[in-house]
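Here are my notes on this model. Please read them with the structure open.

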Amino acid sequence: MKFTASQIAEILGGDIVGNADVEVYKLSKIEEGEKGSLTFLSNPKYTSYIYSTKASIAIVGKHFIPEKEYKTTLIKVDDAYQSFALLLEYYNQAKLQKTGIEEPSFIAKSAKILEDIYVGAFAYIGNDVSIGKNAKIYPNVYIGDNVKIGDNVILFSGAKIYSETEIGNNCVVNSGAIIGADGFGFAPSKNGVYDKIPQIGNVIIEDYVDIGAATTIDRATLGSTIIREGVKLDNQIQVAHNVEIGKNTVIAAQTGIAGSSKIGENCMIGGQVGIAGHLTIGNNVRIQAQSGIGKNIKDDEIIQGTPAFGYSDFNKSYVYFKKLPSIVATLNSLEKKVKALKEKYEY
């Protein structure tokens, strides 16, 4: 897609200094700008690049006054950084504006699909599925029977939505994510073989949830695995059966949450965190990366370590962790001196 300086200025409510008809079709850092690209200047440390950049258009603050010659077209706005972010969102929305049903794809006759939907090639939509307006179902997406999907949902290529899953409005599920697979439920029999426990619950995803690529959310054994409104899940996260994640909690990649644990609202969980099953994590909890959680956590705690303990205690202890070899050497030396003194005064 190409945009002219005048089109961009209209979107941002900015003023053009230079060629209003110059076109751009890609974005760039100001120091790496080239012809046909759009960049921005908000950090004063990068001001020198405005005079050398080859970008066709640069977004700058209204109070920017050039001190020497430059070649790029300027669009002056109140806040360059915020305006660039707004433009990114606008560009992303324009890029995603697809409609229609591509062939070949399969849509069951009993499925209910509202207007302005996009269904990509080789997508499968099962029996009694309902999909809201303006949904985007990209190629090779699988949607099982009895799934409910709200308005403005985006399912990127290769996402798998198993039967009975419920997805709210304005959600994004990225490529390779699997929602509603069987939970890890097995019971040992008398002969040592593990028998599978049927997983007959479902997954409920509320509004404004983002789910990263290759993340898996297992269906409940009974009841529902629930992802509350506003949750953001990174790539490659494992959410086990009957887990509940509270509103506006964010979780970084490679975290694993075992079955039936409950995580509160507004939590921030770092990458590669392991959370054992049947635990309760309070609200506003901060868990640092690679921590191992084996007990309940109260509201507002900040923790780190494996097994995890208080964040400030961990940092104090870490000073000693690094010095353990020298501490041991000092102790050994003192032990020898004490032993020598004891031997000296025993005679």
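This is a predicted model: local features need pLDDT of at least 70, side-chain atom pairs count only at pLDDT 80 or more; totals for chains, interfaces and linings use all residues.

1. Ile8, Ile11 and Leu12 of α1 are in contact with Ser83, Leu86, Leu87 and Tyr90 of α2. By class, six of the residues in this contact are nonpolar, one is polar and none is charged.

2. Now the geometry of that pair. Helix α1 covers residues 5-12 and helix α2 residues 80-95. Their axes come within 10 Å and cross at roughly 105 degrees. Angles of 65 to 115 degrees count as roughly perpendicular, so α1 and α2 are roughly perpendicular to each other.

3. Overall make-up. The protein has three helices and 40 strands. Of its 347 residues, 39% count as buried.

4. Overall dimensions. The radius of gyration is 28 Å, whereas a compact globule of 347 residues would have one near 20 Å. The C-alpha trace spans about 100 × 65 × 30 Å along its principal axes. Take contacts between residues at least 6 apart in sequence: 17% of them join residues at least 24 apart.

5. Which residues does Tyr25 contact, leaving aside its neighbours within four places in sequence? They are Met1, Lys2, Lys35 and Gly36. Tyr25 sits in the loop between β3 (23-24) and β4 (26-27). Its relative accessibility is 44%, so Tyr25 counts as partly exposed. Lys298 lies 273 residues from Tyr25 along the chain, and their C-alpha atoms are separated by 50 Å.

6. Backbone points to check. Most residues other than glycine have a negative phi, and most peptide bonds are trans. The exceptions below deserve a look.

7. Cis peptide bonds. The bond from Glu103 to Pro104 is cis, with omega near 0 degrees. Pro104 lies in the loop between β8 (100-101) and β9 (106-107). Thr306 and Pro307 are also joined by a cis peptide bond, with omega about -10 degrees. Pro307 is in the loop between β39 (302-305) and β40 (308-310).

8. Positive phi at Asn140. This residue is not a glycine, yet its phi is positive, at about 65 degrees. Asn140 is placed in the loop between β14 (136-137) and β15 (142-143). With 43% relative accessibility, Asn140 counts as partly exposed.

9. Positive phi at Asn170. Asn170 is not a glycine either, and its phi is positive, at about 60 degrees. The loop here runs between β19 (166-167) and β20 (172-173). Is Asn170 buried or partly exposed? At 25% relative accessibility, Asn170 counts as partly exposed, because buried means under 20%.

Methods:
Residues are numbered from 1 along each chain as its sequence is written. Side-chain values use heavy atoms; hydrogens and water are left out. Axes are lines fitted to C-alpha atoms, for helices over the stretch in contact, and angles run from 0 to 180 degrees between N-to-C directions. Helices (H or I, at least four residues) and strands (E, at least two) are DSSP runs, numbered from the N terminus. Angles under 35 degrees count as roughly parallel, over 145 as roughly antiparallel, 65 to 115 as roughly perpendicular and the rest as oblique. Contact means heavy atoms within 4.5 Å. Ala, Val, Leu, Ile, Met, Phe, Trp, Tyr, Cys and Pro count as nonpolar, Asp, Glu, Lys and Arg as charged, and the others, Gly among them, as polar. The radius of gyration is taken over C-alpha atoms; the globule rule is 2.2 Å times the number of residues to the power 0.38. Buried means under 20% relative accessible area, exposed over 50%, partly exposed in between (1.4 Å probe, protein chains only).
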